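Thank you all for coming.

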Amino acid sequence: MQEIISEQKASEHHRVSNTRFYMIRRRLSDPLPPSERSALMAKVSSTGNRSTEVRVEQLLVKRGISGWTKHSKAIPGRPDFFFEDARLAVFVHGCFWHNCKTCDRNMPRSRHEFWINKIQGNERRDRRVLRRLQRAGFRTLTIWEHSLKS
């Protein structure tokens with residue numbers, strides 16, 4: 001008899017837990033349809049990869065390297081640093097966002113297909129920008145986030 005009661009309690013507990021989970025999940029779900037959320041998020045301006053860019057900027061200043069501008073709009077791809085005299089475009093890539101092969105980061109599990117498309121799109125854009133700059137006679141340098149550690 002005791003076993004039957006404990007099985008009923010376990011079953012009831014499971015049902016209540018699922019109901020609570022559903023109510024919490026429902027409360028946290030996005031009130032906007034995906035198309036409206038996408039349009040809203042598209043209006044959010046990027047702040048860039050600040051931490052890695054700041055590290056590179058600090059290294060340049062510390063070593064007394066000058067003659068560069070940040071995010072020059074005059075150059076295709078708006079490199080993170082551009083040395084006009086040397087015709088050198090420097091890109092500072094975050095390992096996750098640009099799919100670093102050395103770090104081999106995992107893709108998020110939620111919206112997995114979205115993230116795969118996003119990262120692959122970043123890779124295609126990176127290749128396209130580098131080709132365009134090199135054809136225009138610019139030299140390019142890519143600094144990866146993992147190379148700035150330590």
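Buried here means under 20% relative accessible area, taken with a 1.4 Å probe on protein chains only, and strands are DSSP runs of E with at least two residues, whereas helices are runs of H or I with at least four, both numbered from the N terminus.

Please keep in mind that this is a predicted model, in which local features need pLDDT of at least 70 and side-chain atom pairs count only at pLDDT 80 or more, while totals for chains, interfaces and linings use all residues. Residues are numbered from 1 along each chain as its sequence is written, and side-chain values use heavy atoms, with hydrogens and water left out.

Which way do the side chains of β3 point? L88, V90 and V92 point one way, A89, F91 and H93 point the other way, and all of them are buried. In a regular strand the side chains alternate between the two faces of the sheet.

On to the partners, where two strands pair if DSSP finds at least two bridges between them. Strand β2, residues 81–83, pairs with β3 in the antiparallel sense over 3 bridges, and F81 has V90 as its bridge partner. These two strands form a hairpin with 4 residues between them, and R87 in the turn has a positive phi of about 50 degrees.

With strand β4, residues 139–144, β3 pairs in the parallel sense over 6 bridges, and V92 stands opposite I143 there.

Conventions
Buried < 20%, exposed > 50% of the residue type's maximum accessible area, 1.4 Å probe, protein only.
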